[in-house]
Every structure is written in C-alpha cells, then in structure tokens.
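Hello,

Here is the structure we talked about handing over. Please open it next to this email, and my notes follow below.

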Amino acid sequence: MTKDAERLAKGLHPLERKILPHLKPEGTLAELAKAAGVQEVEAMRALQWLENKGVLKIQSKERQVLVIKDKGKHAAKEGLPEQHVIALLKKKKELPVAEIAKALPGYDKQAVGPVTGKLKKLGIPFITTKDGKPAFKWIDIPVQANPVEALLQEAAKRNWKVTIKGTEAAVKDLLKRQGYAEVQKQKGKAYNLTATGKGLAKVKITRKEYAEKLTPGMLKTGAWKQTEFRPYNVEINVPKQAGGRAHFVNEAINYIKKVWLDFGFQEMAGNHVQTGFWDLDSLFVPQDHPAREMQDTFYIDDPRSGELPKDVHKRVKAVHENGGDTGSLGWRYDYSDEEAKKNMLRTHTTVLSAQTLDRIKKGECALPGKYFSVNTVYRNEALDYKHLFEFHQVEGIVVGEDATFENLKGYLSAFFKKMGYPKIRIRPGHFPYTEPSAEVDVWDPEREEWIELVGSGIFRPEVTKTLIGKEVPVLAWGMGMERIITRYYEIKDLREIYNNDIEQLKTIKAWLR
Amino acid sequence: MPTITVSKKEVLKTLGKKLSDEQLKDRIGMLGTDLEGIEGDDINVEIFPNRPDLLSQQGFQRALASFVGVKPGLKKYDVKKSGEKVIVKNLPKEWSYAVACIVKGLKFDDQKIKEVVQLQEKLGMTFTRNRKKGGIGLYPLEKISFPVTFTGKKPKEIKFRPLEFPREIDAEQILEHHPKGKEYGFIMDGWKTYPVFVDDKGTYMSMPPIINSHDVGKIDETTTDIFVECTGPHLRTIVESLAMLTTALADMGGKIYSIEMVYPDKKFSYPDLTPKKMRVDHAYINKLLGLKLTNAEIGKYLERMGFGYENGKALIPAYRTDILHQADFAEDVAIAYGYENFKEVIPNIATVGGADKFETFCDKVRNLLVGHGLLEAKNFHLINHDAQTKRMLLNFNTIKVLHPVSLEYDSLRAWIIPSLIEALQRNKRYEYPQHFFEIGRVFSKAKPADKSDTGVKEQVRVAVALCGEDADYTAIRQVLDDLLTKLNVQAVYKETEHPSFIPGRVARVYVGKEAVAYIGELHPQVLANFDMTMPIATFELNLSVVGQHLA
C-alpha cells in the first residue's frame, strides 16, 4: 500500500502536486482551487487525472449561488438606501418622509417605501412634525455593521456570485429587495478520497522537481544528465487523432483490382453515359426487353440521343433481325435505330466488355485476352436501406479459343478464395447475352451460409461473332460489389456506404484482406 | 422476372416419387429456375424470361419430371380437327393477327381455374410484354356459335358487359371505367378501330387485349369445353403463346381440337404443335462446355430437358421458344449434365495484365492528398440541379436524367465542390476542422471537338475542401501547390471572378494555355445557402487535362 502510494506520488504532474496538500477527505472543487491558489479549470484537470489513478472520486453536485443583479451592484458601490437615510437622520435629527427620496442619490422613488419599513424595524420613532408632516426622529441607537452590505462587498470581490452557506439571513434580506439579487442553481464538482487517496495523502511529497520536457537546451548543455524526468502514466488514454485516408470503398476496390491484375487481367475503362446500342443492343438484349423500360433505366434528357458506330451497327442490327452470320435465328423483329441511339447511364459495366470485344476486332485489344473492371453502374431506383441508384459492378471476361465453362468456375473460385470465401457453387441462370448462363453462390464461412453474388456465363455467339468478327468463346461475369462491402464492414443500411460520415470515415476498419 | 406458385402435391403426383423438400429445392434450383421457397403446398418459384413455357403448373412439372428422369424425351400432343372456323377481316393495322383452337373435356375446379388464370396473367406480363405483344382469351364453348369473326369496329359501335361489370357499356367507357381498361387502354392510343370477337349471332365476345364479355367470356367450375384465342401484332408470338396455353390445358386432361383461321388471302389451322427439327452440333457443345460427351450422351441429356432426339437431330417442342442457336442446346446439355459436376479449372491462357493508366494516375493523386491528412469522400454522380447551380450562385444547364425516381438526384454533376459542401453539411454535428477530398467524374455537354458518341463530355477531376476557422486561401493554396509540385506540373495562378467565391479571393489556375482549376474561399452567401456556419476554402482541378501534361 505505501509502496504503491510512493510510486504514485513520484509520477504526479506538477498540477497534481500543487493540489495534493490541500485535499481533504471530502471537499468541493471551488474550495480546493481557492486553497491551492489555482484556477478552477486547472484544479478540475488535476482532479480528473487523480480520479483516473484511483485516488479519488469526482461527483457532480448542484449548489445554490446568489447572483447579484444591477440594483444590488449599485448598492454595493453606493451603499444601501437605509444607510444613507440613517446617516442623514443622524445629522438632521428629524427627517420628514417626503424628504427621504432626496436623500437617496441614484435610487428611484420605489426605494422609499422599503426604507421606511426598515427604519421602523430598527426602532426609530415615527412622529408628526409641528407643521403636521410625518417624519422620523433620531435617537441614539447603536449603529451595527449591516450584514447585507458585508454580503454585497464579498460578492463584488467574487464576480457577483457567492455561495449561500452561512449568510442565510442577509441573503433573505437581499432577496426581498426587488432587482437586487437572485438565486441560481449551479452545477459544481466535489470529490472524496478513496482508500488509495487516503494513503497518498500520508506520503510526504518530496519537494524535488522533476523535469516535464526534454528540451533542446538540455541536450546542448548536457543538463539532461542531471535531470530526472517525471514518469508518465503510459496506460491512460490520450485524445483521439485520426489521419487522412482513402475512402474505405476505394480501399476494397483497389484490393479487388489487385486480385485481377495478379491473375493477368487488363483493366477496362469507359464512359458512364452510353447509347442503348452499346449498353444493350450489342449484347443481344432485345429492344423490347423489360429492363429497358423507363423505371429501370436512367435515360438522358439532353442530349437525348447519340451516334451509332457505322460498321458494327450494321452487324448488330442484322443479328437482332435475323441472326446475321452467326447461325442464330435472331429475335425476328424490326430493329429500331431510334431506340439504339437513346442515351442512358450505363446499366452494367458489361457494356465495357462489349466495347472491348469490338476493340479486339479493330486490333486495339489482345486476343486471347483477359479483361476486368470495377466501376459504377446505375439503376433508376429510390434510395433506401437496401437500394442504391448508383453502385459498383465487378466485371470480368476471358476471351480465348480454348476457354470453356469449366474455366469460368475455375476463375471465380480462385477470385473468391482471395475475397475470403473458400468455396463456390453454380446454378443455372439466365441473362440475355450469355448461354450457358450461371448464377454463382459463395460460401460465407463466418455466417455459415450461401450468398448469391454473381451472374455469369459464356457470351452468346450472337454477341461474340458480331463484335469480334469470329466466334471465340468469351467467359463473362458480373457482380454487385456493395454486397461484399456491407458484409465485410458489417454495414446494415446501404446508404451508410456513401453518407461520408466523418466519424465513420475516420474510425472504420481498414480493408485487411 | 415473374414468380409463379405451383402445388407441391400435384408436382409430386406427376413425378410419381417421394422427394423431401430439401431434394425438391435442390432439383428445382438445378433445373434452371430460381426457387424462392416452399410453404405448405405452395412452391414459389421464379421463372427466367427465356422459359415462358414454365409459367404454368403443367409446364413446370412437365420439365421437372423430365429433368429428374421420370418422363424424359419429347412429349406428344394429339390435335384433332374441330371443323370450326374463325374469320379474320378488317382489323386495325396495329393488331392484325389471331389464332384460336378448342380444348374439350376439362374438369375445372378452384385449383385448376387458379392455374389457368395464373398462366394467362404471367404469359401476358412477360412473354407478350404487358399485353403489348398479344392478348389471350378463354370462353365456355357452349355459349358461342360458329363461325366466329375477329374484326375491327369503331369504339362507339362496340357494346357489351365486360367481365365483373354491372352493365353493358361501350368501348370508350370500358377504357375509361373498367379496371382492365384503365390498366391496358394505353395500348390502343390513337387506334381508329378496336379489334373484337363477334360470334355468329352477333354477340360481342371480347375486345382484345383488354377484356372479355361477362356473358359469354367467363369460365367457371361447370365449364368443360373451351374456345381459346390469342391475338396481337406479331403472328409468331401469338402462335407460340397458343402452343404454351394449349399444351398446359392438354396436360390438365383436355383434348385439343384445331380451328381454321380464315384470313382474306389465306387459311391456317391452329394450334400447330409439330416439333421443329434442328441439327445438333455435338463438337460445338463439347468444346464450349469443356466436356467429351458421346453423341448418345448428348442425346440423352437433351431428352432430359424435354427434347426429342433422333439421328443427331433434336426435336424441339412447339412451346420451347428459346432455341435460337447451338449455344442454347449447350446450356440445356450443361443443365442435364449438372452444373455441380463441372470441375474448376484455370486455363492455360497466357496474357499480360495491367491497370488502366489513368486510374493509376488517380491513385497517385489519392495517395498524395491522404498525405495531407485529408479524408476521401465518395459521393454519387447524380445530384440535385439547384445544388450545383442556384445554391452556388450560378446559372447553367446541367445534364438531367428523365423521370428520376428520387427528385433530389435529378442531374449528373458538372463539378464536385457542391457534393463536398453537401457532405460537410451532413457532418455539422462533428468537431472542426473537417477536410475532404474527392476524385470523381463530371459531366457536361460535348463540343464537336470532344468526339463523344453520346454528346456528353466526361472528365475526371479532384476537389479539396478545407472547412474550419482557419480554412483560407493560403491553406488551400498550400495543398494545391504541393500536389502540382509532386505531379511535376508548372502552374500559373491568375486573378479571376467567380460568383461562388469571395471577390478578390479566387484564382484560375493554368497549365500551359489550359485552365485546369479554380481555387479560393467560398462566398458567404454560398455557405448560407447550404446552411454552413464555417468557412470553406476549396479547389477543383481537372485531372483529365493535367494527366496529359505529365512529364
């Protein structure tokens, strides 16, 4: 116990040292500050440190204070009205009531009434003068110090706020006077020592001074050799300070990109605004497909429509109408150029894959080739806890003569292992531009459940032969990234991902895969 | 995608074997339909749009039975001649085709009627695109006298009592007052005449694709024989609809009788349930799937999916409308083979990967700004028009989207700073200073020189916003100076005017001759417009342009 107390004493901050001799088993902050000769905020800081060390407990106490108002302040300077009157009466020996007002410099007439009351109470006789006016008559009464005046003088020294303790009679008197003072409730702090604290109080604090800071001067002169530094309490918390950082979604995106780059994939980039031609027609989505309807797609108001690429447009139109040269029957309808030209916000990044296939034909991209993107797509939906109108799609294609359905499973399985999902399963699915199509579920080992995450398949010949110019198998997949994000960061409401809440951005864990 | 409800009891009866719910769930998922759940007798299952033939209890259980190996191969349907005729003439050009037939010997009960209504609704919703590509009608045969005529009439001439309506009204009133008229009336916008079925006695039977007559077009538990018709603007679509409908009715126990459709210039008999023959490219299928199946195995798998298979050719049932190419056989073979049985193989395709150059550049900018202790924000590209213009004391046209569901997000952003101010506004309850940056895309109308196929110009910019008592020109300038120094770009600052900034505290930044940034202290009125009570110093730098100047 004593040893602990001594070690504790050694590590005290100068401020703590200052207040320590003045600590009582119980006391208030105000008293302590006064006794130690420090500011209340300083004493409070020291008390908090000592509380952290288990020396004492701080309590919040509500106390009543008397706050002096304007009239009270005036009286403190000029004297109370009754004192003025008494002084005058003593001089004149007789004072008509009508003249009292004149005797009160700077007071209004309303002060007269209370003053007469006071004088009567003091036992000063009230008479009628010879000419029939009511008046006071002086008798030799012992003049005592007025406790109210003493209270006001005390308040003047204390910024017009005083505690009520011990001066109750004077306070009562003062409160009766209108506009002189009022009682306010004030939150105050008090403390009481713990057993440790009582032990500490017994330890003799050495007067020896510790150094607070290692200064450049000490280093220059070598004074540090004779210096003992005050030990800190290195176990307590310090104020939080957050550094700058990338958005947590971008941290995840960068990781996902890195996985595909490690697999030898090339990143695809392109515009967010696309024509219906590239976004849908080139992928053999029929022009009357329900997904094209207004409620799902953001169409652009102005410019309402774009331009169609010459050569590839002709081939896409043919494949829709009659299968073109792909060996397909096609959709067998009249293809509308007007529909194709409509500008929209891309509904999927599969549009980038379609444009990559077109670039392969032009010799701008490699064949065989593997391509990916992690980027924004749009859906015209109301923003709520499970819907976003902008989100990210992870897209990938593998273009190669020898690519097969088994490889699709191979790539996705390898990717998800790196994302923390040890196994996948695939089920038949449907997308207008893939055949065979597959839905991919991944196994979440923590929650022990399958999650539906990916749409995938092999692009239809109507897509590949039309865009590349020859029929090369193209494995393709697309998945919403936000589902991966919310699960990793344990976010329940999708809106919280893009709310830019400073507290969240500062404190959310890093992407640690 | 539509979800249908089928009866588990009936499914199991057709399968003829006992399957647990778990086994059923597994098989339904692997058939190529998406099981939503089994509750009591209800199996709720989502049907993909390429398989409208599965939209009925009968179609679904037919496919499932074949898939689990109970009744594989082509299912044959017998069609006899009814000898009846439907005369097709004087139709509106927008709705010029009709096909019809008769199904007899049905035993309707509550469940069966529910099944027929479900099929009719779901086909209408998906395959015929909310009736825009076709309408379907069923009538008790005994209430109709042949020959029936399908013809166009002026709206005022058409008068009958529509289904579940208290009285007889004309066509215009139907579109105005009947629930189905209100729902689908838009299809007939601008038509001079409306198509109607009229029987030999002159009774109006229906007005496709809106509504049947209550008097002669309503089937109930007493109905055994029915007249079925499909009408619309595309012959193929309605022929296929009729095939799906009649085969489902036949599976219910009905017998199919054809009707002769008499068009002014030709005659056809429907339904036509003859399977189509198509050569199977076995090598193609094996290559795509990465398998080495024999022709016989492929044939067996096709039969599991309900196809016939003879001499290397597939017989495609009339209700299978999704077979356009060999790839479609490949998928069905894969399903029958079992998706779960494919191996996971990484192919030996050597390629050189790489990140997009510009994205890599943006990453560098991101790292440099993080070094300044800034937090990266990520806002939507869609934002409110007024937030970018009026509230910033500006007036210009942004790129707006049509009919946005959220009116708060009605246009693509032309600049990033308003997004950052909105983010700061949402963080008012936290302590200051608050410093954000964002790298993102902005949108404006393209000029011919921009060579944009959509007419929209897209550029990437970075914006930094310092917010707090000490956020001033010097502080923000220090960030931009440092960034440009490290990007090795020589920039010149020139005094300028910009309504969003305090006059005299805003500069335009040039790299070479190109203006690349605005930098300054935001105007107090702008801050007031966003309800901000802290100064903001900010810049927005065009990375698309700066990227081209990199040494």
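Predicted model: local features only at pLDDT ≥ 70, side-chain atom pairs only at ≥ 80, totals over all residues.

P433(B) sits in the loop between α13 (417-426) and β23 of chain B.

D302(A) and P303(A) are joined by a cis peptide bond, with omega about 5 degrees. P303(A) lies in the loop between α13 (276-279) and α14 (310-322) of chain A.

One backbone angle also deserves a look. R129(B) is not a glycine, yet its phi is positive, near 50 degrees. You will find R129(B) in the loop of chain B between α4 (110-125) and β6 (135-140). Why list these spots at all? Because most peptide bonds are trans, and most residues other than glycine have a negative phi.

**Where chain B meets chain A**

On the chain B side, 81 residues are in contact with chain A; on the chain A side, 102 residues take part. Together the two chains bury about 8,000 Å². Carbon and sulfur atoms account for 55% of that area. Which three residues of chain B supply more of its buried area than any other three? They are L324(B), K378(B) and L402(B), with 10% of what chain B buries against chain A.

Now the polar side of the interface. There are 52 residue pairs in polar contact across it, counting pairs with both residues at pLDDT 80 or more. Strand β23 (residues 434-445) gives the most to the side of chain B that touches chain A, with six residues. By class, that side of chain B has 39 nonpolar, 18 polar and 24 charged residues.

Seven salt bridges run between chain B and chain A. One of the salt bridges in the model pairs D302(A) with K445(B), at 2.9 Å from N to O.

**Inside chain A**

Over all chains, the salt bridge count comes to 62. Among them is R487(A) with E449(A), whose closest N and O atoms are 2.4 Å apart. That pair links distant parts of the chain, 38 residues apart. R487(A) belongs to helix α19 (residues 482-489), and E449(A) to strand β15 (residues 449-459).

Last, a helix pair in chain A. How do helix α6 (residues 81-92) and helix α7 (residues 112-121) cross? Their axes come within 9 Å, at roughly 65 degrees. The crossing of α6(A) and α7(A) is right-handed. From α6(A), the contact uses P81(A), E82(A), V85(A) and I86(A). From α7(A), it uses V115(A), K118(A) and L119(A). By class, this contact has five nonpolar, no polar and two charged residues.

Best wishes

Terms used. Residues numbered from 1 in each chain as written. Chains lettered and ligands numbered in written order. Heavy atoms only, no water. Contact = heavy atoms within 4.5 Å. Buried area = accessible area lost by both parts, 1.4 Å probe. Salt bridge = Lys/Arg side-chain N within 4 Å of Asp/Glu carboxyl O. Polar contact = N/O pair within 3.5 Å; in protein donor to acceptor, adjacent residues only side chain to side chain. Helix = DSSP H or I, 4+ residues; strand = E, 2+ residues; numbered from the N terminus. Nonpolar A, V, L, I, M, F, W, Y, C, P; charged D, E, K, R; others polar. Axes fitted to C-alpha atoms, helices over the stretch in contact; angles between N-to-C directions. Left-handed = near helix turned anticlockwise from the far one by under 90°.
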